[in-house]
Amino acid sequence: MRSLKKFFQHVDYSLLVSVFLLCGIGLVMIYSASIGVSITKYEYSPSHFFVRQLAFFFVGLIIFSFTMILPYQFYKRFMAPIVFASIAMLIAVFFFGKTVNNAKSWIMIGGFGLQPAEFVKLGLSIYLAGIFSKKQDKLDQFSTSVVPPLSIILIILLLIIKQPDFGTAMVVAAVAGIIIFCSGIQRKHLVLLIGASVGALVLFSFLFSGEQMSRFTAAYDPFSDPERDGYQLINAYVAMAAGGMTGSGLGESVQKYGFLPEPHTDFIIAIIGEELGFIGIAAVILLLAFIVIKGFYIGVIGKDTYGSLLAFGISGMIGVQSSVNLGAAVGLLPITGVPLPFISYGGSSLILFMASAGILINISAHVNFKLKQPAAAPAAKERQVKAL
């Protein structure tokens with residue numbers, strides 16, 4: 001587009017508002033949910049986590065503004081350096097990383113933790129969208145067109161699993177699968193990939209440690225060990241049950257005071273349920289669902305294959321990660337430590353999703369611009385005829 005004015009005329013402001021509403025809800029609920037933890041861990045400072053998340057939000061806002069305005073085609077030119085930088089960051093974790101919650105997945109920079117695996121989700125999406133859009137006429141050649149990107153996916157997954165961070169690996173694998181599915185590869189190759197993925201998952205399950213298997217027990221039978229493995233999920237149930245339809249009121253949660261571990265991160269939806277009730281949970285889910293559905297719609301109507309695949313990847317990333325987090329909070333999926341997009345505390349997660357949302361809005365604006373072009377053409381042609 002030729003100017004920022006023309007760009008903003010085609011921005012989908014419903015997407016923009018949804019993103020900022022979720023960020024706003026996240027900031028408010030992080031302040032409320034983290035009060036007890038902040039006071040206990042940080043010398044009676046009730047706003048410790050809120051202040052840090054607010055700083056992350058402003059960093060994310062700058063990056064969001066940049067990715068929203070920068071044409072999404074820019075990333076395609078650098079897709080190879082982006083994916084190799086992603087792999088390099090994952091390797092760097094093993095040399096310079098810090099272990100948190102039994103996973104070596106963080107790099108500390110000036111007192112702030114950076115989680116490279118979070119940004120790999122977007123980097124891999126950019127790479128896969130670019131590579132499959134370039135090979136549209138060669139997708140029937142499985143060994144030359146599909147196997148090379150599959151090798152990159154496998155390397156990234158192995159590096160993330162090695163940390164170990166199975167929740168993020170699950171999201172990365174699902175996002176890669178969505179892009180591959182939407183790329184248009186032949187059905188027989190798709191069936192082959194699905195079969196291989198299921199087989200690998202079954203085989204890998206035999207290698208789970210006792211701690212990893214306990215996450216399944218905690219999800220599907222939490223009351224068998226209510227004092228240890230099932231403790232977090234049971235207290236999440238208590239929080240959401242106490243909230244009922246309308247909640248106990250903002251700031252009135254009881255479970256956040258030492259009962260529900262890490263109430264401002266993985267299980268923040270339980271505190272939302274306790275304080276804002278079913279209505280609060282429904283509002284968050286509807287906003288997330290709107291962004292995901294809108295993103296897939298943008299991908300479907302877009303005429304540029306790269307833009308469409310990138311929109312599918314970003315939308316899938318938000319949808320899958322939301323599903324994994326919410327599924328864990330209600331006992332449908334094992335607890336994996338995956339944050340709720342835009343809501344949970346965490347700078348890496350917030351910045352990633354704000355950057356991704358900016359790219360999605362940019363794709364949407366370009367799609368809207370292209371859709372209006374055919375309608376404008378006849379009018380321009382009529383003016384030319386009149387001028388003659």
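This is a predicted model: local features need pLDDT of at least 70, side-chain atom pairs count only at pLDDT 80 or more; totals for chains, interfaces and linings use all residues.
View 1. Rolling a probe the size of a water molecule over the atoms shows where empty space is left. Here, the count comes to one cavity of 30 Å³ or more. The largest cavity has a volume of about 50 Å³.

View 2. H264 sits in the loop that runs between helix 12 (231-243) and helix 13 (268-301). Is H264 buried or exposed? H264 counts as buried because its relative accessibility is 1%, and the cut-off for buried is under 20%. Leaving aside residues up to four places away in sequence, H264 touches I30, A33, S34, V37 and F49, as well as S344 and Y345.

**View 3. A282 on helix 13.** This view moves on to A282, a residue of helix 13. With a relative accessible area of 22%, A282 is partly exposed, since buried means under 20% and exposed means over 50%. How far apart are the C-alpha atoms of A282 and S214? They are separated by 30 Å, and the two residues are 68 residues apart along the chain.

Conventions:
Residues are numbered from 1 along each chain as its sequence is written. Side-chain values use heavy atoms; hydrogens and water are left out. On a 1 Å grid over the protein atoms alone, a cavity is a set of points where a 1.4 Å probe fits but cannot get out, and a pocket is an open set with protein on both sides within 12 Å along at least five of seven lines; lining residues have an atom within 4 Å of a point. Grid points are joined across faces, edges and corners, and a volume is the space filled by probe spheres set on the points. Helices (H or I, at least four residues) and strands (E, at least two) are DSSP runs, numbered from the N terminus. Buried means under 20% relative accessible area, exposed over 50%, partly exposed in between (1.4 Å probe, protein chains only). Contact means heavy atoms within 4.5 Å.
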